[in-house]
Amino acid sequence: LTVGQQSASCPNPGYERIGDAIEDAAPGDTIAICPGTYAEGSGTPGTSVLTIHKDLTLRGAGADQVTIEPRSVGEKRIAGDNPDLRDGLGVIVAVIGGKNNPVTVNISGVTVDANGVDATAGIVYIDADGSISRSHVTGLVTDEGKNGYTVPGGFRNGPFGIGIADVTRV
């Protein structure tokens, strides 16, 4: 499955949005992501940008060429009021398996960037495994100062700003 805008570097993409390709993918598929910036998800508090519940490979054209970020709307916040890494909400990429049915997702060649949107974490594996290679996670903490909580992506004495986490609900 190929995601991108039709161009010389991206001939015949089947999808414009990564989330749509994830939805249509069969377990074990590879999603090739062409150069570009992909603002995904609804951008509302308590949501995630991309949620993956099956074995997949996300292969971007390169961390300097592919950016995955939350849609920036309203409050510029996807983090919930009471963030919990184990629920997969407020996360840019949430890979969610089950206690007896973990999933494997390998991610390469992308930058995951909160881009001024308050997010709990960049990439979270919940009862899942996989790899992250040739990729960046950035933009999660913009201000830890006294008034950091007033800045999108900033925090003070809060649990926001985790880059990559691997947790279980067990």
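Is Glu40 buried or exposed? Glu40 is buried, with a relative accessible area of 2%, where buried means under 20% relative accessible area, exposed means over 50%, and partly exposed lies in between (1.4 Å probe, protein chains only).

The model is a predicted one, in which local features need pLDDT of at least 70 and side-chain atom pairs count only at pLDDT 80 or more, while totals for chains, interfaces and linings use all residues. Residues are numbered from 1 along each chain as its sequence is written, and side-chain values use heavy atoms, with hydrogens and water left out.

Side chains of opposite charge can pair when their charged atoms come close. A salt bridge is taken here as a side-chain nitrogen of Lys or Arg within 4 Å of a carboxyl oxygen of Asp or Glu, and by this rule the count is four. Among them are these pairs:

| Pair | Closest N and O atoms |
|---|---|
| Arg17 and Glu40 | 3.7 Å |
| Asp81 and Arg77 | 3.1 Å |
| Asp127 and Arg169 | 3.3 Å |

Arg17, in the loop between strand E1 (2–3) and helix H1 (18–24), and Glu40, in strand E3 (residues 36–40), are 23 residues apart, and their pair links distant parts of the chain. Helices (H or I, at least four residues) and strands (E, at least two) are DSSP runs, numbered from the N terminus. Arg17 counts as partly exposed, at 27% relative accessibility.

Asp127 lies in the loop between strand E10 (121–126) and strand E11 (128–133), and Arg169 in the segment after strand E13 (162–167), so the pair ties together parts that are 42 residues apart in sequence. Asp127 counts as buried at 10% relative accessibility, whereas Arg169 is partly exposed at 44%.

Salt bridges that share partners join Glu75, Arg77 and Asp81 into one network, in which Asp81 is exposed at 64% and Arg77 is buried at 16%.
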